[in-house]
Amino acid sequence: MIPDPPFALLVELTHRCPLQCPYCSNPLDMERAAGEMTTEEWCGVIRQAAGLGCMQIHFSGGEPTVRPDLEILVAEAAAAGLYTNLITSGVLCDRARLERLAAAGLEHVQLSFQGATAPIADRIAGYAGGHEKKLSFARDVRAAGLPLTANFVVHRQNAHQLDAMIDMAVEMAAERIEIANVQYYGWALKNRAALMPSRDQLNVMIESVSAARERLKGILAIDFVVPDYYARRPKPCMGGWGQRFLNISPSGKVLPCHAAESITTLAFDNVREKPLDDIWLNGPAFRAFRGTDWMPEPCRACDRKEIDWGGCRCQAFAITGDAAQTDPACALSKNHSRLVATALEDAQSGGEDFVYRNFRSAKALPGL
Amino acid sequence: MTERVLLVGDSVPRLAPHRRLRRDLQRGVWTVQAPERCFILDETAHAILSRCDGNASLAAIIASLCAAFPDAPHDTIAADVTHLLQDLADKGVVAA
């Protein structure tokens, strides 16, 4: 089977970030600055991705604006016909730089928030003063005429602010809001006991989102991602492994999703060593779970197998130690009841303290 | 956006800022690239959106499509075009 070309490329330009969010999607074993690819290497990757069929590029990190060459990379992507998106914390980029990025061809900004008020948000981010800087950056984005998506990661310690988050997004004239419950890999898995919401919290969130969608139709688009420990069917992770999406790490590792390095039984090709199209078509990590041939029961006989694609490989590995198992978020998985029991226990008896995401805690983690 | 855009006959629908009509060469389809979204257009949707040039009113776009597809009933075209553009306006793809 020859796979379709990918739609989107996410480039993690760096793992450096001033924030320390305890659910960061970066791997536990973060890349240091010295391992990051050069401007020329990234430009080559961008041209290859456009040639391969990508239509969109997401500049992410870490915090992508720590790279002084971001303007060059945005311009390269725009020249290659890619639709460009910046995923940022907004705390390092002033108005002049944002205007330079817009002039280079930036089309959209996705700005992260950690809560609806400074005390809560700054504690979660582990960064004093961050919330105010983000609000100021949001004004700069709108002043530059760029569309803005406000991204809120929600969990037990900020879920009660959900209505205020939606109000905030409307006030800052965001066109979209993403309200994404934490997904538990890497750093988030380390912090699961401090983050897991209760089922009651989830039900309140679902009601709030549903009411806001009705109230704000045509004004604010709302994307809501549930915590899949409480789901009946798994999420169609990445629209299917190796089918729509490519992720490139700061040092050039090509990943089927941003959490894929948590699957320690897979080996990943590097774009410094092989052409991107070869990696997409033939790389063993991409072929491992592409399509439906790899599936076990109950996926194999399931009429949803080409809808949810067996769910999330990283979650299967995190919970069962075998990435080829059915995602335990699926109620048909033999591991589902254990997953739900874990969630309920974490939600009820977990503490509030975080292991913050930084190079120091990474070093202290066993096995790294 | 502070209120919902509601399209009427003399509205002038156009792609919202930073939405791009792009040909996807690999898959041979027209698309609209938008924040966190890629809308794949069928021939009808492309025929409609390619007429949203920032000058033509909704009524003029409908008239142009009726001339291009004389076998289809005018009322059907008018309803389909209005429905599609209103839906895209609600998704932030189309401004007016």
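The model is predicted, so to speak of local features pLDDT must be at least 70, side-chain atom pairs count only at pLDDT 80 or more, and totals for chains, interfaces and linings use all residues. Residues are numbered from 1 along each chain as its sequence is written, while chains are lettered from A and ligands numbered from 1 in the order in which they are written. The helix and strand names come from DSSP runs (H or I of at least four residues for helices, E of at least two for strands), numbered from the N terminus.

**The sheet in chain A**

- Chain A has an open sheet of nine strands with mixed pairing, in the order β7-β6-β5-β4-β3-β2-β1-β8-β9. Two strands pair if DSSP finds at least two bridges between them.
- In general, strands of a sheet pair through backbone hydrogen bonds, either parallel or antiparallel.
- At the edges sit β7 (221–225) and β9 (254–255) of chain A, each pairing on one side only.
- Strands β1 (residues 8–12) and β8 (residues 245–248) of chain A run parallel and are joined by four bridges. Val11(A) stands opposite Ile248(A) in β8(A).
- Helix α9 (residues 199–215) of chain A packs on this sheet, touching β5 (148–154), β6 (176–181) and β7 of chain A, and its direction makes about 160° with that of β7(A).

**Two packed helices**

- Helices α4 (residues 118–125) and α5 (residues 130–143) of chain A pack at about 105°, with axes 8 Å apart. Axes are lines fitted to C-alpha atoms, for helices over the stretch in contact, and angles run from 0 to 180 degrees between N-to-C directions.
- That makes α4(A) and α5(A) roughly perpendicular (65 to 115 degrees; under 35 is roughly parallel, over 145 roughly antiparallel, and the rest oblique).
- On the α4(A) side, Ala118(A), Ala121(A), Asp122(A) and Ala125(A) meet Gly130(A), His131(A) and Glu132(A) of α5(A). Being in contact means that C-beta atoms, placed from the backbone, lie within 7 Å.
- The residues of this contact divide into three nonpolar, two polar and two charged. Ala, Val, Leu, Ile, Met, Phe, Trp, Tyr, Cys and Pro count as nonpolar, Asp, Glu, Lys and Arg as charged, and the others, Gly among them, as polar.

**Nonpolar cores**

- The largest nonpolar core has 107 residues, and Ile57(A), Phe59(A), Ala150(A) and Cys314(A) touch the most other members. A core is a set of buried Ala, Val, Leu, Ile, Met, Phe, Trp, Tyr and Cys residues joined through C-beta atoms within 7 Å.
- Apart from it lies another core of 16 residues, including Val32(B) and Ile48(B).

**Where the chains meet**

- Chain B puts 20 residues in contact with 20 residues of chain A.
- β2(B) gives the most to that side of chain B, with three residues.
- The residues on that side of chain B divide into six nonpolar, six polar and eight charged.

- A cis peptide bond, with omega about 10°, joins Gly61(A) and Gly62(A).
- Another cis peptide bond joins Glu297(A) and Pro298(A), with omega about 5°.
- Met238(A), not a glycine, has a positive phi near 55°. Met238(A) is buried, with 23 other C-beta atoms within 10 Å (buried means 20 or more other C-beta atoms, placed from the backbone, within 10 Å; exposed means 12 or fewer; partly exposed is in between).
- His18(B) also has a positive phi, near 65°, and counts as partly exposed with 19 C-beta neighbours inside 10 Å.

Definitions and conventions
Two residues are in contact if their C-beta atoms, placed from the backbone, lie within 7 Å.
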